[in-house]
Amino acid sequence: MDFWDVFWLIVWSFFFISYLIILFHIVVDLFRDRELSGLAKAMWVLALLVLPALTALVYLVVRGRGMAGRDRQAAEQAAQATDNYIRSVAGTSPAEQIATAKQLLDTGAITEEEYDVLKSRALAAV
């Protein structure tokens, strides 16, 4: 194998992998779109199987803007889910713990001694 054979192998490999990535994104977008009917999704998948390159090009032209919007929306939902999870496992601040303990004391749910214990634990965590 000479230099040019290796060069063209690398170039065609790059285009083939890029093409596969585009097809993967199209299929993911098809199933992510809740507004598209099942029949329309089946027709797009069938077209991708029969004429993959032409169908991929048409899909990107016709539905490209919506595809970007759905990608952005999915990323925002993932970020929001991550933030919610972090907030749920991070716990509360010492001030919030003391305020909660004070509310419990005011309602009579805990005694003054229990309040002092909860307050000292919250302050010790700082």
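Start by selecting R70 and D33: R70 forms a salt bridge with D33, and their closest N and O atoms are 3.7 Å apart. A salt bridge here is a side-chain nitrogen of Lys or Arg within 4 Å of a carboxyl oxygen of Asp or Glu. R70 belongs to helix α3 and D33 to the loop between α1 and α2, so the pair ties together parts that are 37 residues apart in sequence. Helices (H or I, at least four residues) are DSSP runs, numbered from the N terminus. Both R70 and D33 are buried, where buried means under 20% relative accessible area, exposed means over 50%, and partly exposed lies in between (1.4 Å probe, protein chains only).

This is a predicted model, in which local features need pLDDT of at least 70, side-chain atom pairs count only at pLDDT 80 or more, and totals for chains, interfaces and linings use all residues. Residues are numbered from 1 along each chain as its sequence is written, and side-chain values use heavy atoms, with hydrogens and water left out.

The side chains of D33 and R63 meet in a salt bridge at 2.3 Å, N to O. This pair also links distant parts of the chain, with D33 in the loop between α1 and α2 and R63 in helix α3, 30 residues apart. D33 and R63 are both buried.

Next, select D71 and R32. Their side chains meet in a salt bridge of 2.4 Å, N to O. D71 lies in helix α3 and R32 in helix α1 (residues 3–32), so the pair ties together parts that are 39 residues apart in sequence. D71 is partly exposed, at 34% relative accessible area, and R32 is partly exposed at 30%. Over the whole structure, a search finds five salt bridges.

For the last stop, select L39, M43, L46, L49, V50, L51, L54, L57, V58, V61 and V62, which make a nonpolar surface patch of about 1100 Å². The elements giving two or more residues to this patch are α2 (38–50) and α3 (52–90). Patches are made of residues with over 30% relative accessible area and no salt bridge; like charges are joined within 9 Å and nonpolar side chains (Val, Leu, Ile, Met, Phe, Trp, Tyr) within 5 Å. Accessible areas come from the Shrake-Rupley method with a 1.4 Å probe, and for residues only the protein chains shown count as cover.

Is V61 buried or exposed? V61, which lies in helix α3, is exposed, with a relative accessible area of 66%.
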